[in-house]
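Let's take a walk through this structure together, one stop at a time.

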Amino acid sequence: MAAGATKNKTGSKTPSKSNNTAKTSQPKVSKAAQDALSAAKEREIRRFWSYILFFWGILELLITFIKGDGLWRSFHNFNRGMFGVSVFLFAPIMIYVALMIASNTKKNTVVAKCVEGGMLMLLASGMIQILQVGSVDGGSFFKKLRGLYDDGVELRGGGLASAVLGWPLLAAFKRVGAAIIIFLIAFLFILLLTDLTLPQFFKLMTKPFVVSVEAVHTDRVERIAARQEREERIAAERRENTTEQRKKKTVQEDFCEQLSEQKQRVDFARFLPKNEQTEENAETEEEKDIIDVEVIEPVIDETPRSNKRKKKSENAESEEPADVTEDIDEEKESADADLKKIIEQAVSRKMAARTQESEDESDAAADDAESNGQDTAFEGDEEAAVYVYPPIELLQYPKKKIDKDVIEAEIQEKSQKLVETLEVYGVKTRITGIFRGPSVTRYELQPAAGVKVSKILNLADDIALNLAALSIRIEAPVPGKPCVGIEVPNDVRDPVSLRELIDSDEYRKAKGKLTFAVGKDIEGKIVIGNIAKMPHLLVAGTTGSGKSVFTNSIILSVLYHAAPDEVKLILIDPKMVEFKPYNSIPHLLIPVVTDPLKAAGALGWAVNEMNKRYKQFEANNVKNLEEFNDMLAKEQAKPVDMQDPVYTKMKPLPQILIVIDEFADLMMVAGSEVEDSVIRLGQLARAAGIHMIIATQSPRKDVITGLIKSNIPSRVSLSVSSNIDSRVIMDQGGAEKLLGYGDMLYKPVGVKTPIRIQSGYADTKEIVEIVKFLKSEHTAEYSESVMAEVEENMPKPKEDKKNSGNSEMEDVVVNPDDDLIDQAITVIVRTGNASTSYLQRKLKLGFSRASRIMDQIEEMGIIGPQDGAKPRKINLTEAEWLEMRARR
Ligand SMILES: Nc1ncnc2c1ncn2[C@@H]1O[C@H](COP(=O)(O)OP(=O)(O)OP(=O)(O)O)[C@@H](O)[C@H]1O
């Protein structure tokens, strides 16, 4: 987890104090808080001075042009006396400086900009004195000064201010020399001050005005860009044999020509990440396609919600987040102050809701669970309290935002280098698209006719070297496009916070209770997943790659989307550090499991729970959890006298999510039991609403066995150490090229090509705050019966097993409590060996008993008849057998 995370909540409020006290233990956070505070302070100062200077500039403008009377006239004359003809520049320069200060660019401090403005005025007045008058008239020093002032009032020369630069230069170099020198000084001064090249200098000069009018023109410009984009996309789709992938945004075909011929300036704004774009782009967002409709929950939720959900949406409404485009820093500053208020509001809402609930439902609470016919672990549960969702403000927005210009310059430089590098190696390409994601930018290149894709693939290392990139990943071809995608790490990453993912329409509108925020893809689009559809997920990555941050983001997503009676969690954390903070939250079915043997027991319990649920489904003629809960809701919606009493007191079954942080630890201590449970759950648990997320830093074949892999089709790979590891987890290379820190490949079931995504980040402090909030609102709802069953299901430690002398059975695990025929079928379907002698050996049976059992199994149609020396035919797969058993 985030090393620098702090438990000190007040750290962000009083950074200087917390720095002193917690400096040694929490250096990162203290510094960040301090930075945020000083940035906010600096922004305030800038804003203040920009207003002052702006209005002063307006005043100066009026004073310069309107003569007036009295004191106004004195000011009018004084201004002219000071600056002479250059007085007309005074107000514009002042307004310019005000805009520069307000435009919040780097190095843009108040003092620097004021000095810059002042110098410009001195240079201007000196220049006018030199050019217009060419000398400084008068006798004594003071008379000369007086002369300059008086001339200035009459709008002759540069006024008194020209005495600073104009006069000394005239004295030393005379008119022509002084004019040349002051021009050069002015020019040099501007270049040095701005640290710019000549083209940049001209651009900068116009920038403040551009910024000030940008708001007015953005609408028009971006609408045109959006229209062009749409037209180009439609044209491209028509040309390129429309496929699903081609619906994604394309970029202008002529981009490459513009780039290589250097004829025109490219509009890089189109390639900027979404959060850099403005509202108008958001309008066109609606028309964009979601990456994969299989994976992403539909964004429209019209289903009426239950009463509890209504309460949630009321909460959500009042907690409606501020516009994401608002100043994020400001929001963060006020977040702490608002937090207390929000929590208080939430508490009072909850109290009101509880009172209402208890009035309405006090009679129902004490009923006997057994009479409802419910047989699962959730029988006899107490009536669930109304869930108070954690306020969204407990999650923070990212702190830094990257300058648009910096991004533009980086894209321009890298795209050029890319084309040039390939050309050096004899590969002619043209850029057809650029997509900037949070951590990498994908440059889409179309090779010239006759260029082999493999040639580009082989140049990966050379390209990385020339771009000075840590590593690059080549996607050849980009699915659905006639081009090669080269993913180059960004110089500076755009941080992706869990807040912006969870506080998004995509997430809010997703229906599934196991909806989670995956991250942002290479186009900056928010990707939302649903564990229930996966229905299980394997996560791998080396240490420090971001597995725990990712699994935490899934857990937090669930806490923000589902009440404890809708989703129950079993968190398994053999490392003992990742999930411990979640202890006592109401979603937990049992306390966070840290003992690997107990974890194996928990998986065993899940298998039993799955079997029980299947029986219940069968008894009620439904196929899965959803149908069961729907059926129950329909029954209970009937008038009481028309209800089947069996259903009256039944409660809907929650989905169960099991999250395992380090799977290798479990496999090490109870390999066969764990594997067996995982395989069974993998095969059947989807319909029963039980889902697993299995994370490991060891994507080896002995940890993620072939059977586990084949039963868990959805995968996430963070950076791994080798191509082999990548193949184990993703069935293809590429994950070894990832950059770490949440950069990952996401391949949910049904998606052939992994999607590159930057996962959302929430630090430990945020997690602790959310858990603290939930604990303040709810009590833990652990199930005693589940805890007892978990203990019962715990396998014996390996030592004990060796002593029991049962090692022969280790490769085929059968449940000794099953009857012999079931054990024999398990052995046969699992090993594919249907011979009597094999059964004898495996189950330690005499020959006659083993052959009787074989006959019975043959009668059941599970195996074929004996056919000479040929092996018997087995008519059932292991999965079918497991399903058959579960349905009995
Ligand atoms: N999405 C992310 N955005 C930004 N930084 C991240 C992200 N994910 C991880 N990190 C950074 O990487 C560090 C390590 O992440 P994490 O603890 O999740 O690694 P891990 O793979 O679980 O490692 P281990 O297996 O050793 O526990 C975090 O402390 C954080 O600083």
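This is a predicted model: local features need pLDDT of at least 70, side-chain atom pairs count only at pLDDT 80 or more; totals for chains, interfaces and linings use all residues.

Is Thr-696 buried or exposed? It counts as buried, because it has 22 C-beta neighbours inside 10 Å, and 20 or more is what it takes. Leaving out residues up to four places away in sequence, Thr-696 touches Ala-540, Glu-662, Phe-663, Ala-664, Val-703 and Ile-704. Now look for Thr-542: it sits 154 residues away from Thr-696 along the chain, yet their C-alpha atoms are separated by 8.2 Å.

Thr-542 takes us to the next stop. An unreviewed UniProt entry gives a "binding site" feature at Gly-541, Thr-542, Thr-543, Gly-544, Ser-545, Gly-546, Lys-547 and Ser-548. Within that stretch, Ser-545 is in the loop between strand 7 (537–540) and helix 18 (547–561), while Lys-547 lies in helix 18. Ser-545 has 25 C-beta neighbours inside 10 Å, so it counts as buried. Lys-547 also has 25 such neighbours and therefore counts as buried. Setting aside neighbours within four places in sequence, Ser-545 is in contact with Leu-718, Ser-719 and Gly-740.

What about the ligand? It's surrounded by 16 residues, and the closest are Thr-543, Gly-546, Ser-548, Val-549 and Gly-742. Sorted by class, that shell has 6 nonpolar, 9 polar and 1 charged residues.

In soluble globular proteins, nonpolar side chains tend to be buried together. Here the largest nonpolar core has 113 residues, and those with the most contacts inside it are Ile-570, Leu-571, Ala-602, Ala-606, Met-610, Ile-660 and Ile-693. Helix 22 (residues 663–688) supplies the largest share of this core, 12 residues. The core also draws at least three residues from each of domain 2 (307–394) and domain 3 (513–629 + 655–786). To see one part of it, pick out Ile-693: not counting residues up to four places away in sequence, Ile-693 touches Ile-531, Leu-537, Val-539, Thr-551, Ile-554, Val-659 and Ile-660. There's a second, separate core too, with 37 residues, including Phe-83, Tyr-96, Ile-101 and Met-127.

Most residues other than glycine have a negative phi, and most peptide bonds are trans. The bond from Ala-476 to Pro-477 is cis, with omega near -10°, and Pro-477 is in the loop between strand 3 (473–475) and strand 4 (484–489). Met-534 and Pro-535 are likewise joined by a cis peptide bond, with omega about -10°; Pro-535 is in the loop between strand 6 (526–530) and strand 7.

As for phi, Lys-174 isn't a glycine but has a positive value of about 65°. Lys-174 is found in helix 7, residues 162–194, and counts as partly exposed because it has 13 C-beta neighbours inside 10 Å. Asn-621 has a positive phi as well, near 60°. Its place is the loop between helix 19 (596–619) and helix 20 (625–637). With 9 C-beta neighbours inside 10 Å, Asn-621 counts as exposed.

Methods: Residues are numbered from 1 along each chain as its sequence is written. A nonpolar core is a set of buried Ala, Val, Leu, Ile, Met, Phe, Trp, Tyr and Cys residues joined through C-beta atoms within 7 Å. A residue is buried if 20 or more other C-beta atoms lie within 10 Å of its own, exposed if 12 or fewer, and partly exposed in between; C-beta atoms are placed from the backbone. Helices (H or I, at least four residues) and strands (E, at least two) are DSSP runs, numbered from the N terminus. Domain bounds come from an automatic or database domain assignment. Two residues are in contact if their C-beta atoms, placed from the backbone, lie within 7 Å. A residue is near a molecule or strand if its C-beta atom, placed from the backbone, lies within 6 Å of it. Ala, Val, Leu, Ile, Met, Phe, Trp, Tyr, Cys and Pro count as nonpolar, Asp, Glu, Lys and Arg as charged, and the others, Gly among them, as polar. UniProt positions are given in the numbering used here, feature names are shortened, and annotations may be inferred rather than shown by experiment.
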